[in-house]
Amino acid sequence: MADDLIDRAKRGDKEAFTTLVLQVGDRLYSVAYRILRDASRAEDAVQQTFLIAWRELPTLRDDGRLEAWLYRLLVNACYAEIRHTKRWQPGLRVVPLEIPVTDDAQLSVDRRDELERAFRRLSGEQRAVLVLHHYLGLSGAEIGEALGLTPGTVRSRLHYAKQLMRAAIEADARTIASGGSA
Amino acid sequence: MNRQLDVDRVLEDWLAEGPSRLPDRVVRQTIDQLDDIQQRKPRWLPGSERMQRLILPAAGLAAVLAVVVVTYASRNGGFSVGGPSGTPFTSARHGYTVVLPAGQWTFAERPGTWGQGEFFDANSGSGVDYYERLDPSNGTPLYVYLASQPIPTGMTFDAWAATHDAANQREMACFQPQGQFETVHVGGEPARVGVQRCDQFDYAGAWVTVQTLVAHGGRGYAIYVWPVYRGTAMPAESQLKSEALDWLSRFSFKGP
């Protein structure tokens, strides 16, 4: 990301900030969607992230950390969305999964359902590290830097999140092996 | 291929699915709101923050923050900033004042109005005032939300409460009718206050909330006090009720 663009945005140049939004918006939205599993809430989280970023941008000392800083703002916005979601029973507020079926149908419908259910049981903190690691491909150190966590905390969250997801995957595999629906 | 690699691959395949493009509409809405937000000054400029503290008296700063909160919240329907305990918050649209209990509270004012017979919730309810205290050091992390609406001429409080019960029953089968609740006074008015218990909330099992209905000046008010889910056990009903009653005791109505 061009330092000049960041400098201009820091000084209140809305055009420069818009360019930044266009450069990173898709990435932030992709991450938010995968943490929240809901398009509308992901949009809210991204919007909230950009508005806070605009307000706080002049306080960012190291321009090179802009993207990591944005991820931190985004993950915090996602936590807030999850807190709100958890106050209501999903059965009362119906949330469409909005998962398009891929051409190769690599993941069965049952497996998707299992993964979806397992993922929704994770805490926001566990979801975030799982998505940053397995979707964005960030290392533990990079996640720690982005979220302000120690490497041990990142490892621990990732470990427990993967344990739960693994259990879901294995349960699905057992269902298929025993002749259940696939 | 070992199991560990297989799990990683399944996770990666699954996470790869889903949308990956931020809708243009969201970009436009975001950019449109920038004019309403003042950028902060860099903290490392010599004395800038200190000077602000010296120059702006606390009351003035609180007033500025309040304007920002209300303006922002009314536009965004969800933005919130901190409010210290003891701060009296007055809602012109609902006609009440509440002096917030101990702890750091955030506030959001959802735009719109709450219509009769409409179900409302903390997040998407039109006309909802929303308060939240996340720090557990001053008691149970709580969120409180409320809304009010005119009670039609000729309609009794009981009949109005029944319309609210019906709306709740449509969405929250676990909620009991208010008629069974005890009567206490809120803001000098008799109010129905009771604990609702839902045993099968996803993620956290049993859940309790304190629900209050009260009327003043021809308006009916519904107030809900909930514990915030922090991955730990829910507070005991008696504790939540005690904290809810404390919150309600700080609530007063404006005007006759």
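A residue counts as buried here if 20 or more other C-beta atoms lie within 10 Å of its own. Keep that in mind for the views below, which come from a predicted model.

**View 1**
How many of the eleven residues of α6(A) are buried? Ten of them are, so α6(A) is largely enclosed by the rest of the structure. If you want to find them, the buried ones are A:Glu125, A:Gln126, A:Arg127, A:Ala128, A:Val129, A:Leu130, A:Val131, A:Leu132, A:His133 and A:His134.

**View 1. Helix α6 of chain A meets helix α7 of chain A.**
Stay with α6(A) and look at its partner α7(A): the two pack at an angle of about 130 degrees, and their axes are 10 Å apart. The pair is therefore oblique. The crossing of α6(A) past α7(A) is right-handed. On the α6(A) side you'll find A:Ala128, A:Val129, A:Leu132 and A:His133, which meet A:Ile143, A:Ala146 and A:Leu147 of α7(A).

**View 2. Helices α2 and α3 of chain A cross.**
Here's another helix pair. The axes of α2(A) and α3(A) come within 8 Å, with a crossing angle of roughly 140 degrees. That angle makes α2(A) oblique to α3(A). From α2(A), the contact uses A:Phe17, A:Val21, A:Gly25, A:Leu28, A:Tyr29, A:Ala32, A:Tyr33 and A:Leu36. From α3(A), it uses A:Ala39, A:Arg41, A:Ala42, A:Ala45, A:Val46, A:Thr49, A:Phe50 and A:Trp54. As for handedness, α2(A) passes α3(A) in a right-handed crossing.

**View 3. The largest nonpolar core, with pieces from both chains.**
In soluble globular proteins, nonpolar side chains tend to be buried together. The largest nonpolar core in this model has 52 residues, and the ones with the most contacts inside it are A:Ala32, A:Val46, A:Leu74 and A:Cys78. Which elements give two or more residues to this core? They are α2, α3, α4, α5, α6, α7 and α8 of chain A, together with α1 of chain B. The largest share, eleven residues, comes from α2(A).

**View 4. A:Val46 and its neighbours.**
Now zoom in on one residue of that core. Leaving aside residues up to four places away in sequence, A:Val46 touches A:Gly25, A:Leu28, A:Tyr29, A:Ala32 and A:Leu74 in chain A. From chain B, it touches B:Leu22 and B:Val26. Elsewhere there is a second, separate core of 43 residues, which includes B:Ala108, B:Trp114, B:Ala122 and B:Ala147.

**View 5. A:Leu57, a loop residue.**
Where does A:Leu57 sit? You'll find it in the loop between α3 and α4 of chain A. Is A:Leu57 buried or exposed? It has 22 C-beta neighbours inside 10 Å, so it counts as buried. Now look for A:Asp7: it is 50 residues from A:Leu57 in sequence, yet the two are 9.3 Å apart in space, C-alpha to C-alpha. Not counting residues up to four places away in sequence, A:Leu57 touches A:Ala9, A:Lys10 and B:Gln39.

Time to step back. Chain A has eight helices and zero strands, while chain B has six helices and eleven strands. Of the 182 residues of chain A, 41% are buried; for the 256 residues of chain B, the share is 32%. Take contacts between residues at least 6 apart in sequence: in chain A, 65% of them join residues at least 24 apart. For chain B, 55% of such contacts do that.

Mean pLDDT is 80 for chain A and 77 for chain B. Within chain A, helix α2 has the highest mean, 96, and helix α8 the lowest, 78. Over residues 87–105 of chain A, pLDDT is below 50. The model scores ipTM 0.82 and pTM 0.50.

Note on methods: Residues are numbered from 1 along each chain as its sequence is written. Chains are lettered from A and ligands numbered from 1 in the order in which they are written. This is a predicted model: local features need pLDDT of at least 70, side-chain atom pairs count only at pLDDT 80 or more; totals for chains, interfaces and linings use all residues. Helices (H or I, at least four residues) and strands (E, at least two) are DSSP runs, numbered from the N terminus. A residue is buried if 20 or more other C-beta atoms lie within 10 Å of its own, exposed if 12 or fewer, and partly exposed in between; C-beta atoms are placed from the backbone. Two residues are in contact if their C-beta atoms, placed from the backbone, lie within 7 Å. pLDDT is the predictor's confidence in each residue, from 0 to 100. A nonpolar core is a set of buried Ala, Val, Leu, Ile, Met, Phe, Trp, Tyr and Cys residues joined through C-beta atoms within 7 Å. Axes are lines fitted to C-alpha atoms, for helices over the stretch in contact, and angles run from 0 to 180 degrees between N-to-C directions. Angles under 35 degrees count as roughly parallel, over 145 as roughly antiparallel, 65 to 115 as roughly perpendicular and the rest as oblique. A crossing is left-handed if the near helix is turned anticlockwise from the far one by less than a right angle, and right-handed if clockwise.
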